[in-house]
Amino acid sequence: MSQPRPCRATAHSNIALVKYWGKRDGDDPALNLPAVGSLSMTLDVLRSETLVSPAQADGFELDGAQIGGKPAAKVFAHLDRVWRLADLNGARPPCSVRSTNHLPTAAGLASSASGFAALTIAAAGSFGICDQLDGPARAQLSAWARMGSGSAARSLWGGFVRLDAGSRGDGSDCLARQLHGADHWDLKLLVVHTARGAKQVGSTGGMESSRLTSPYYPAWVETSPADLDAAQTSLAARAFEPLGAVMEHSCFKMHACMLATQPPLMYWNGATLEVIRAVWSIREAGGPRGFVTSDAGPHVKVLCESAHAAALAQQLREVAGVHEVQIVAPGPDASLELL
Ligand code: PMV
């Protein structure tokens, strides 16, 4: 291969209904193998678009601004990884990477999931590894995306996706797959923004300190497979209450594990708690039913049935500290375009 081809990829962000937190102990860190499996919903509006094209020297532009330092180094290292994993000969040619995040970056809204998925696909297209995302290519690129960010493995598919932790040291059974397409169930996720700006502790460092110091970490890992199976069963049966219950349980177990980390990982702010309480009291009072989840950031995501989404979103906009509530549907597969 002489020159990269200009290629554009779009990948949608995803939110885990059953969470991943922690890497497998003792296995090659470069493979980035999760200690637990996870199950997610891909989101329709929140997405990353990434263009990889030939250049004189490596460059990274995000939302129109030139980016250097650590974020750019991570992007170029991922291009090197894709080049190496594809067994391409010689040195990787320099590339220009231009990304647009249609979601807040590094704020606990899964920008790393959509970002690394889009980068992986655009790089693979650009390096001539694939022309289209057929089944095997999608599975292969999901495994490569995982090495950049665990949750990115799930953003290759739309709808509802399961990522298994697997147990083999080479990572060959740590695979993601689509359980259901976006039209399986008319659900919505309300993305309740409770802060602006980037989070303070990234997930990679955070989950490693939980593994090393949280006394609840072993229980978190041990109880996760049952949650995963229960969520998959409820999702298949479109059983809303049981899915919501296991989703909340997984979220609060993860946050308990985070809080018991030394030093503690507290990703929430006051408004996060106000939103959680509001969702619960509306539900208990017989109002529109929602179930909460939150990630390594202060925002709350509320799962509800479509028919209740507008009314619940309106009530949550009234909660003190809420900046914005987006109503998001299950989203599509990631895509690749050769330019
Ligand atoms: O993919 P990472 O390394 O950014 O970790 C994501 C971790 C959580 O968002 C907290 C949970 C998950 O499964 O997405």
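This is a predicted model: local features need pLDDT of at least 70, side-chain atom pairs count only at pLDDT 80 or more; totals for chains, interfaces and linings use all residues.
A polar contact of 2.9 Å joins the side chains of serine 306 and aspartate 186. Serine 306 lies in helix α8, which covers residues 306-317. When its neighbours within four places in sequence are set aside, serine 306 is in contact with Asp186, Leu187 and Lys188.

From this single residue one may turn to the chain as a whole. The chain contains 8 helices and 12 strands. Its radius of gyration is 19 Å, close to the 20 Å that the globule rule gives for 339 residues, so the chain is as compact as a globular protein of that length. The C-alpha trace spans about 65 × 40 × 40 Å along its principal axes. Of the 339 residues in the chain, 54% are buried. Contacts may also be sorted by separation in sequence: among those between residues at least 6 apart, 77% join residues at least 24 apart.

The next topic is empty space inside the structure. Rolling a probe the size of a water molecule over the atoms shows where such space is left. How many cavities of 30 Å³ or more does a search of the whole structure find? The search finds 1. The largest cavity holds about 40 Å³ of space. Its lining consists of Ala139, Ser142, Ala143, Arg146, Ala153, Leu163, Cys174, Leu175 and Ala176. Helix α3, residues 135-148, supplies the largest share of this lining, with 4 residues. Sorted by class, the lining has 7 nonpolar, 1 polar and 1 charged residues.

The backbone also deserves attention. Most residues other than glycine have a negative phi, and most peptide bonds are trans.

Glutamine 262 and proline 263 are joined by a cis peptide bond, with omega at about -10 degrees. Proline 263 is found in the loop between α6 (240-259) and α7 (270-284).

Aspartate 63 has a phi near 50 degrees, a positive value in a residue other than glycine. This aspartate sits in the loop between β3 (59-62) and β4 (65-66).

With a relative accessible area of 46%, arginine 238 is partly exposed.

Terms used. Residues are numbered from 1 along each chain as its sequence is written. Side-chain values use heavy atoms; hydrogens and water are left out. On a 1 Å grid over the protein atoms alone, a cavity is a set of points where a 1.4 Å probe fits but cannot get out, and a pocket is an open set with protein on both sides within 12 Å along at least five of seven lines; lining residues have an atom within 4 Å of a point. Grid points are joined across faces, edges and corners, and a volume is the space filled by probe spheres set on the points. Helices (H or I, at least four residues) and strands (E, at least two) are DSSP runs, numbered from the N terminus. Ala, Val, Leu, Ile, Met, Phe, Trp, Tyr, Cys and Pro count as nonpolar, Asp, Glu, Lys and Arg as charged, and the others, Gly among them, as polar. A polar contact is a pair of N or O atoms within 3.5 Å; within protein, one must be able to donate a hydrogen and the other to accept it, and residues adjacent in sequence count only if both atoms are side-chain atoms. Contact means heavy atoms within 4.5 Å. The radius of gyration is taken over C-alpha atoms; the globule rule is 2.2 Å times the number of residues to the power 0.38. Buried means under 20% relative accessible area, exposed over 50%, partly exposed in between (1.4 Å probe, protein chains only).
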